[in-house]
Amino acid sequence: MNDRHNTIILIGIVAGIVLAFVGVQIFGEKMTMFGWMGTLFLSALKMIIVPLIMASMIVGITGLGDVRKLGSVGLRTVLYYAATTGIAVFLGIVVVNLIQPGVGVPFGEVTIPEQVAAKRDLGFSDIVLSFVSDNIFASMAQMQILPIIVFSLVLGGVLTTLGKAGEPVIAFFHGLNEAVMKIVYMIMWMAPLGVFGLVAARFGEAGDLGTLIGGLGKYMLTVLLGLGVHALVVLPLLLWFFGRRNPLPYLYNMAAPLLTAFSTASSSATLPLTIEAVEDNNKVSRKATYFVLPLGATINMDGTALYESVAAIFIAQAMGIELSVGQQVMIFLTATLAAVGAAGIPQAGLVTMVIVLQAVGLPLEGTALILAVDWLLDRFRTTVNVWGDACGAAVIDRYIDSEPEAA
């Protein structure tokens with residue numbers, strides 16, 4: 001998706017808000033007649049969720065090579081990225097529960113969905129049992145996200161150990177992933193009309209636009225606070241204690257890729273600049289740089305994962321739904337694991353948001369509340385993603401073994 005397409009999406013969002021305002025304030029009517037466009041768009045996203053999860057995660061895991069041969073560098077890198085992503089999601093959950101930006105935001109007429117009520121009494125044993133399905137095909141049909149993610153990760157890991165016997169299966173999933181990504185691109189070309197319909201219908205139904213937009217400001221501050229704490233406190237502390245690096249000069253030397261990440265909203269597009277800054281400016285070894293950074297651009301999405309947790313709970317708060325501890329644990333697990341396959345997905349924040357909402361049964365229409373500011377928050381979370389990759393390279397560099405560097 002290029003900048004022109006993102007601009008068109010932004011125009012659709014603004015047009016939806018304006019239409020909702022005109023309808024409610026001038027004509028006294030709720031502009032819900034365009035809601036079918038948003039429903040069609042969300043249905044198309046739901047349609048590709050299962051193949052998208054399976055293909056992207058299997059491709060991501062098999063891209064690491066034989067998991068038995070990753071060695072200490074690979075194991076430390078994967079564990080580090082998993083830990084920082086988990087910390088980011090936990091931080092997001094804490095911040096959104098403390099600030100509660102969704103409380104008082106009008107959502108319109110809504111009843112608590114049966115899926116949400118069914119998951120309200122989730123206990124620890126239920127969460128553990130939800131990792132594994134006795135029928136993975138039934139889980140796919142019922143959109144039970146967590147067992148699909150776990151199955152995909154395990155299948156991908158096993159395929160890397162089969163040698164030639166696994167190559168045709170890996171090739172199949174690579175082909176499937178390419179095909180699914182093409183479909184995602186096609187769906188994203190519907191996004192301008194889809195988000196227009198979603199925003200016009202939801203803002204129009206809410207009626208009190210002033211309160212709604214004010215709630216979005218509080219929501220933005222919550223997301224930015226969480227991202228700020230993670231980027232300026234958590235990651236620098238990890239860099240200082242585990243990487244033995246001074247965070248201030250390290251951050252200064254990363255200025256070019258971080259600004260590029262903010263302007264492009266793409267970790268992958270920024271990767272060449274990130275590699276150059278980490279290796280040349282911050283003097284991280286080539287072995288760490290060339291292994292850790294490409295892997296980080298694939299599986300490390302601290303900013304995106306934090307955003308997903310905040311957005312999901314914000315939507316629940318706006319709907320007047322009190323999520324149980326078990327449901328919030330499910331959000332934690334899903335947002336953390338979904339970040340693994342998010343890198344290559346166009347408009348990854350929106351797509352993975354569908355995955356997280358689906359996991360706890362929240363209505364996908366809730367995404368209409370956050371679309372108006374998603375384009376801006378996307379740039380901040382991408383910047384945090386790149387900063388997290390760079391910190392990871394320095395941390396792993398300190399523990400790297402004495403193998404010969406890559407040529």
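Is Phe-380 buried, partly exposed or exposed, and what is its relative accessible area? In this predicted model, Phe-380 comes out as partly exposed, at 30%; buried means under 20% relative accessible area and exposed over 50%, with partly exposed in between (1.4 Å probe, protein chains only). Phe-262 lands in the partly exposed class too, at 32%.

Phe-262 and Phe-380 make an edge-to-face aromatic pair, with 5.1 Å from centre to centre and 80° between the planes. Pairing here asks for ring centres within 6.5 Å (Phe, Tyr and the six-membered ring of Trp), and planes under 30 degrees apart are stacked, over 60 edge-to-face and the rest tilted. Because Phe-262 sits in helix 12 (residues 255–264) and Phe-380 in helix 18 (residues 371–399), the pair ties together parts 118 residues apart in sequence. The structure has 5 aromatic pairs.

Arg-381 lies over the face of Tyr-307, 3.9 Å from the ring centre; the criterion is NZ of Lys or CZ of Arg within 6 Å of the centre and within 35 degrees of the ring normal.

As for the whole fold, the protein chain has 18 helices and 0 strands, taken as DSSP runs numbered from the N terminus (helices H or I, at least four residues; strands E, at least two). Of its 407 residues, 56% are buried. Among contacts (heavy atoms within 4.5 Å) between residues at least 6 apart in sequence, 85% join residues at least 24 apart.

Residues are numbered from 1 along each chain as its sequence is written, and side-chain values use heavy atoms, without hydrogens or water. Since the model is predicted, local features need pLDDT of at least 70 and side-chain atom pairs 80 or more, while totals for chains, interfaces and linings use all residues.
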